[in-house]
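Hi everyone, thanks for coming along. Have a look at the chain on the screen, and I'll walk you through a few of its features.

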Amino acid sequence: MLEKKSTRIRKEEIIQAALDVVGRKGLRSLTISAIAATAGMSEANIYRHFKGKDEIISAIADFIGSSVMGKAATIADGSRRPLEKLETVFFSHLALIAEHPGIPRFVFSEDVLLAHPDIAQTLAARINGYVETISGIIAAGIQEGEMRQGISPRETALTLLGMIQFTALRSTVGGLPGGIADEGKNLWQNFALLLR
């Protein structure tokens, strides 16, 4: 049992190191050597857990899917009010991007989308599920009178996702002197006013 836990933890460390490389240098710099150096382990140790770079890329996609979309689903199933759920989803997504700048670089990389159509398809399905989850929260908010009548749940969900994506993009190119957290607070305050 200990060995399985050790393998799981080691794989997580490798995925985190790979995301760190992508965040600092982009996907084209993602090599087994760079991952090993970042993780502080040998290349042989990387190969003990993954067959190669393609398998690591697939594992990164799975990590992103479960971290972003899985968390949103958990929040949506909770007992909070819809607006609070939406706020929690928004800030947890931004916090994940702040912690792992490699996520947006990975998701929007042509090297992933063109070279790995199966991964691109999986990411697209996860994003669609994410939009549906957020749309459900917004629909509940409208039904309960917490959010304005007449707004479209889906389009409002896409607007929220667009705010996250553009904030991630600006952060990636160094256009957020105050950081993601400050930008997120300002955006959320304005968005919440529009929803009420």
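**A walk through the helices**

Let me begin with the record: the unreviewed UniProt entry annotates residues 8–68 as "domain: HTH tetR-type". Please keep in mind that what you see is a predicted model. Over that annotated stretch, the chain is 80% helix and 0% strand, with the end C-alpha atoms 20 Å apart.

Now let's move to helix α9, residues 153–172. Its 20 residues reach 29 Å from first C-alpha to last, close to the 28 Å expected at 1.5 Å a residue. Which residues of α9 are buried? They are T156, A157, L160, L161, M163, I164, T167 and A168. Looking down the axis of α9, you find these buried residues within an arc of 140°, so they line one face of the helix. That buried set packs against α5, α6, α8 and α10. After α9 comes G174, with a positive phi near 80°.

Buried here are I180, E183, G184, W188, F191, A192 and L195. They cover an arc of only 160° around the axis, and so they sit on the same side of α10. On the other side, N186, Q189 and L193 are exposed. The cover over the buried residues of α10 includes α5 and α9.

Staying with α5, here is a residue I'd like you to find: K85, which lies in that helix. K85 is buried yet has no salt bridge, and the nearest side chain of opposite charge, D77, is 6.8 Å away. What is K85 in contact with, leaving aside its neighbours within four places in sequence? The contacts are I75, A76, G78, S79, R80 and I137.

Salt bridges do turn up elsewhere: a search of the whole structure finds seven.

My last pair is R81 and E144, whose salt bridge has its closest N and O atoms 3.1 Å apart. This one links distant parts of the chain, 63 residues apart: R81 is in the loop between α4 and α5, and E144 in the loop between α8 and α9. R81 is partly exposed at 43% relative accessible area, and E144 is partly exposed at 44%.

Definitions and conventions. Residues are numbered from 1 along each chain as its sequence is written. This is a predicted model: local features need pLDDT of at least 70, side-chain atom pairs count only at pLDDT 80 or more; totals for chains, interfaces and linings use all residues. Side-chain values use heavy atoms; hydrogens and water are left out. UniProt positions are given in the numbering used here, feature names are shortened, and annotations may be inferred rather than shown by experiment. Helices (H or I, at least four residues) and strands (E, at least two) are DSSP runs, numbered from the N terminus. The expected span of a helix is 1.5 Å times one less than its number of residues. Buried means under 20% relative accessible area, exposed over 50%, partly exposed in between (1.4 Å probe, protein chains only). The arc is that of the directions from the helix axis to the C-beta atoms. Contact means heavy atoms within 4.5 Å. Lys and Arg count as positive and Asp and Glu as negative; His and the chain ends are not counted. A salt bridge is a side-chain nitrogen of Lys or Arg within 4 Å of a carboxyl oxygen of Asp or Glu.
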